[in-house]
Amino acid sequence: MSSTDQVYPPSPEFVAQANANEAMYSRAANDPEEFWAEQARRLDWAVPFTRGLDWSDAPFATWFADGKLNVAVNCVDRHVDAGKGDRVAIHWVGEPGDSRDLTYSQLKDEVSRAANYFASIGLVAGDRVAIYMPMVPEAIIAMLACARLGLTHTVVFAGFSSAALRARVDDAGAKVVITTDGQFRRGEPAPLKTAVDEALGSGDDAAPSVEKVIVVRRTNHDPDLPWVAGRDVWWEDTVAEASPVHEPEAFDAEQPLFLLYTSGTTGSPKGIVHTSGGYLTQAAYTFHNVFDHKEARDVFWCTADIGWVTGHTYIVYGPLANGATEIVYEGTPNSPDEHRHFNIIEKYGVTTYYTAPTLIRTFMKWGRQVPDAHDLTSLRLLGTVGEPINPEAWRWYYDVIGGNRCPIVDTWWQTETGAHMLAPLPGVTACVPGSAMGPLPGISAKVVDDNGNELPQGEQGYLVLDKPWPGMLRGIWGDRQRFIDTYWSRFAEQGWYFAGDGARYDENGALWVLGRVDDVMNVSGHRISTAEVESALVAHPAVAEAAVIGAADETTGQGIVAFVILMEESDDHDALITQMRDQVAVDISPIAKPREINIVPELPKTRSGKIMRRLLKDVAEGRELGDTSTLVDPSVFEAIRSQRA
């Protein structure tokens, strides 16, 4: 992770057509409130705002609070009214091979039908609706219909357990749950509605808030699907039969738009609250500038699931607010085969591709012959999200997928921030592989020590956000004090938001996010980032992927323990492990050499691709495993344990 890495400036051709420019940074720094007001005015306001930020009740902010707007109108109706109704909004690509296109006019009709039905069953602005669905168009339609009525949606990832769904439904007090009869996994139907039934219970154990369950017929796999009379209805018999004409109402900018639950290291999941005006302003602004979006020309694809904030902001609200045409994909990257993503890029002429480093490393493991078999010349910009990307994967992505011509936007943000916070601006920023480069115009971040002192370049510290921003969370649902304690207590004296991540500025001013501070290891007094060690390991040609944790060590405080997946099978693990340890010593320092390297067949990942390092720490320290309910395959631990035996 050296700042001496090759720098990748944008091409003169890209600079000449870029949406963003260098002057945005100075304009935002000189008058941040007016800068954000400019971005907000890109939206349609039924009642124009006259106020920007109100920080008088810090850390509880309001933005544009005296303005009124309708989020769904901004994402759908205004494009139809502007004569763009025939433009495709969504190219939906489903499993096991079906597809469907929705124009903006069709999307408006579908959202209006859903809004009319929701209103007919008594839902009113402020009520909560839980959405537990795979990546089907009706999930997005349901979200937009909620926004149209001023309802607050909480999307629960369809891979979560029934217990996780129940906890979120109860905490939110959801009146309605929207789901599907099933979902396809690698082309085969799997039940989903039965998980809803299990979650909601019956009799004395029934979820007290839920009045209605709306079910989309997706897999049609069970002719005897369990049904609760009076509670359960088919989408096709209700929503689909409603009128496609709906007169929208404008809501306050601070009307809650959605709750999204994020797991903490301790305690129950936290319901992150996002509101309407400020969130949509930042979602639309970042989509337009970070992805350099060109309306009517670009085809955008974010590979996330709507169950995560990335799907909310960069599948639903950001793209649609900008009148984008996008891909929504239901399946997995290797079903029916490893060419799936590249076939889609080729078929639909995808121009902007936004994915996670985990998937890029998977592509690397498959080998460049897979993408090389396809015409990927439609691509003009690439993005990464979810975790810091190691430089080796960045360069492979740039070379193999981007053909050495596509700028890469490495984005750092969180559920809590609502939208991009750190990222290069394409057409403006020369990028260093592995660095998010710096705060976007309008965002302010610092790297500080334990006492809040700014650190010089080269020193690792805490990443803090020292000024409020429009898309920021407005609280934790139902728990004002937990919001303060979780995000604002670490640097309470300064009034800063602590992101929970470590970071450093290098000697050239590029900002490197180093992962969660609980992923910054303290080895004999030396602070070493797990991300840096992982990057060094992945730089070894035999290594496909690596996860590193700090395990308790009587001598050094923490010892570095690594788990690696090889590119291909090898009979000489001992020699490889020695080479890997030496690689880390050369790339970082002998101090950073792992105490232990385990070669494993797979790493424990959630369905969103996040590596569960917490569980690897349990393994390394010999503890019983914590909660494994969000893992794709909990059985990977048997293989990991057998390798360590």
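Guide: We begin with some terms. Helices (H or I, at least four residues) and strands (E, at least two) are DSSP runs, numbered from the N terminus. Contact means heavy atoms within 4.5 Å. Axes are lines fitted to C-alpha atoms, for helices over the stretch in contact, and angles run from 0 to 180 degrees between N-to-C directions. Now the case here: helix H16 (residues 530–538) lies across E28, E29 and E30, and its direction makes about 140° with that of E28.

Visitor: Thanks! What should I know about the model itself?

Guide: This is a predicted model, in which local features need pLDDT of at least 70 and side-chain atom pairs count only at pLDDT 80 or more, while totals for chains, interfaces and linings use all residues. Residues are numbered from 1 along each chain as its sequence is written, and side-chain values use heavy atoms, with hydrogens and water left out.

Visitor: In what order do the strands E28, E29 and E30 form their sheet?

Guide: Two strands pair if DSSP finds at least two bridges between them. Here 3 strands make an open sheet in the order E28-E29-E30, with mixed pairing. At the edges are strand E28 (543–553) and strand E30 (596–599), each pairing on one side only. On average, neighbouring strands of this sheet are turned by 20° against each other, direction ignored.

Visitor: How many bridges join E28 to E29?

Guide: There are 10, and E28 runs antiparallel to strand E29 (residues 557–566). Val 548 stands opposite Ala 562 in E29. Helix H18 (residues 613–620) also packs on the sheet: it touches E28 and E29, and its direction makes about 55° with that of E28.

Visitor: Is Tyr 285 buried or exposed?

Guide: Buried means under 20% relative accessible area, exposed over 50%, and partly exposed in between (1.4 Å probe, protein chains only). Tyr 285 has a relative accessible area of 2%, so this residue is buried. You will find Tyr 285 in helix H9 (residues 277–290). Leaving aside neighbours within four places in sequence, its contacts include Phe 35, Trp 36 and Leu 440. Glu 38 is 247 residues away along the chain, yet the C-alpha atoms of Tyr 285 and Glu 38 are separated by 9.8 Å.

Visitor: And how do I read helix H10?

Guide: Helix H10 (residues 309–321) is mostly covered, with 13 of its 13 residues buried. Just after H10, Gly 323 takes a positive phi of about 70°.

Visitor: How is a pair of aromatic rings described?

Guide: By the distance of the centres and the angle of the planes. Rings of Phe, Tyr and Trp (its six-membered ring) pair if their centres lie within 6.5 Å; planes under 30 degrees apart count as stacked, over 60 as edge-to-face and the rest as tilted. A search of the whole structure finds 38 aromatic pairs. In one of them, the rings of Phe 49 and Phe 64 have centres 4.7 Å apart and planes at 45°, so the pair is tilted. Phe 64 is buried, with a relative accessible area of 0%.

Visitor: What angle lies between the ring planes of Tyr 279 and Tyr 317?

Guide: The angle is 85°, with 5.9 Å from centre to centre, and the pair is edge-to-face. Tyr 279 in helix H9 and Tyr 317 in helix H10 are 38 residues apart, and their pair links distant parts of the chain.
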